[in-house]
Amino acid sequence: MGVVRFDEIAKESRGTFRGSLGGVPIVGLEHIEPYDMLLNKWDVDVETTFTKAFHKGQIMFGRRRAYQHKACVATCDGICSGDITLIEPVEGKVYPDLLPFIVQNDDFFEHAIKGSNGALSPRVKWEHMASFEVNLPSLAEQKVLAEKLWAAYEVKQSYLKMIAATEEMVKAQFIEMFGDPITNPKQYAIYNVAEISKTLFAGGDKPKDIMDVPNGEYKYPVWANGEGDRGLLGYSKTYRVDEESISISARGSIGYCAIRTPYYTPAVRLIVLVPKNNVNITYLKFFFEAIGFEKTGAVQGQLTIPDLKKKNVILPPFEEQSKFASIVNQADNLISELRKSVDAIDKVIKSLINENL
């Protein structure tokens, strides 16, 4: 087929919902997971000002803050936010099952981001999305490509389900060994965070002089909040924390915990906790994840040191903590291998798209 504009193969849907709201799925941007292909979350029977109707099979594109990379295929009918653009294939111009992958492609999102307007909440209009160009093969080739892509996606989902099942197994093991972390039915000793910490402080500002990769004197990591290496800001000449510790996100992903090795600097929005000798650090991290943290603050929400000091932690005998930590570490190793498989499949999907579109 060659190079075509997006509006030659796709069209925007602007239907309005009419009828009773009872039992109807209601979808906001918060329900669409970044990079996920299918809609899996929604609310039901809640008050809403949304009026836009969506239908099963339509592509739901988050046009506000497109850099969040939110686009998925609707798995039901319902009502959605006006900040979601609904996209349908033009019959006979594109193989329908391929269109979601065209939209999920990084090139499409890069095009959308460039056309977004607005300082605080940039939005992209359909007219700009429509100008995106894609090099399409024949319909027969599109069908073959779509089948390969969806097959790869299904394998990826199977790995993700195994990860979720492993995480649930660990949670169940925690309950079996220690009981509910809130009610503490086994009456273990209770300490508050201030009592079990050797050091409790908030992260400072990001050091001005850092390098992207370790280089000579620049060997001490600077951590912000964020999963895995996404929280790594760079490397500094100096460090602030010289012991193994738990960093806790104070804003953004409230309560996200990570175990950090010695000699690093925590950047702003982190609280650092160094456990005492009678506390297994892996056990403590999992306990925090199990109880969660409430957001405080008017706008963005935050976790403060006074908030954290109010948290009560149940502490079983150290041997029991260590036994559970061993289970966690085994599960983490399995999850790490499964995530490598997920990443490999993502690379296959991107490669198929880049080679054929």
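I began with two helices: α7 and α9 are roughly perpendicular to each other (65 to 115 degrees; under 35 is roughly parallel, over 145 roughly antiparallel, the rest oblique). The model is predicted, so I noted its limits: local features need pLDDT of at least 70, side-chain atom pairs count only at pLDDT 80 or more, and totals for chains, interfaces and linings use all residues. Numbering starts from 1 along each chain as its sequence is written, and side-chain values use heavy atoms, without hydrogens and water.

**Helix pair.** I looked up the geometry: α7 (residues 281–291) packs against α9 at about 75°, with the axes 8 Å apart. Axes are lines fitted to C-alpha atoms, for helices over the stretch in contact, and angles run from 0 to 180 degrees between N-to-C directions. Helices (H or I, at least four residues) and strands (E, at least two) are DSSP runs, numbered from the N terminus. From α7, T282, Y283 and F286 make the contact; from α9, Q321, F324, A325, V328 and N329 do. Contact means heavy atoms within 4.5 Å. By class I find five nonpolar, three polar and no charged residues (Ala, Val, Leu, Ile, Met, Phe, Trp, Tyr, Cys and Pro are nonpolar; Asp, Glu, Lys and Arg charged; the others, Gly among them, polar).

**L338.** I stayed on α9, where L338 lies. L338 has 6% relative accessibility and therefore counts as buried (under 20% relative accessible area; exposed is over 50%, partly exposed in between; 1.4 Å probe, protein chains only). Beyond neighbours within four places in sequence, L338 contacts Y159, M162 and I163. I also checked L338 against M60: 278 residues apart in sequence, 28 Å apart C-alpha to C-alpha.

**Sheet.** Next I traced an open sheet of four strands, ordered β2-β8-β5-β6, with antiparallel pairing. Two strands pair if DSSP finds at least two bridges between them. β2 (10–13) and β6 (71–73) are the edge strands, each pairing on one side only. β5 (residues 59–62) and β8 (residues 84–89) share four bridges. I59 has I87 as its bridge partner in β8.

**Cores.** The largest nonpolar core has 36 residues; F6, I9, F61, I87 and I102 touch the most other members. A core here is a set of buried Ala, Val, Leu, Ile, Met, Phe, Trp, Tyr and Cys residues joined through side-chain atoms within 4.5 Å. α5 gives the most, six residues. Apart from this core lies another, of 32 residues, including V193, F288, I291 and L315.
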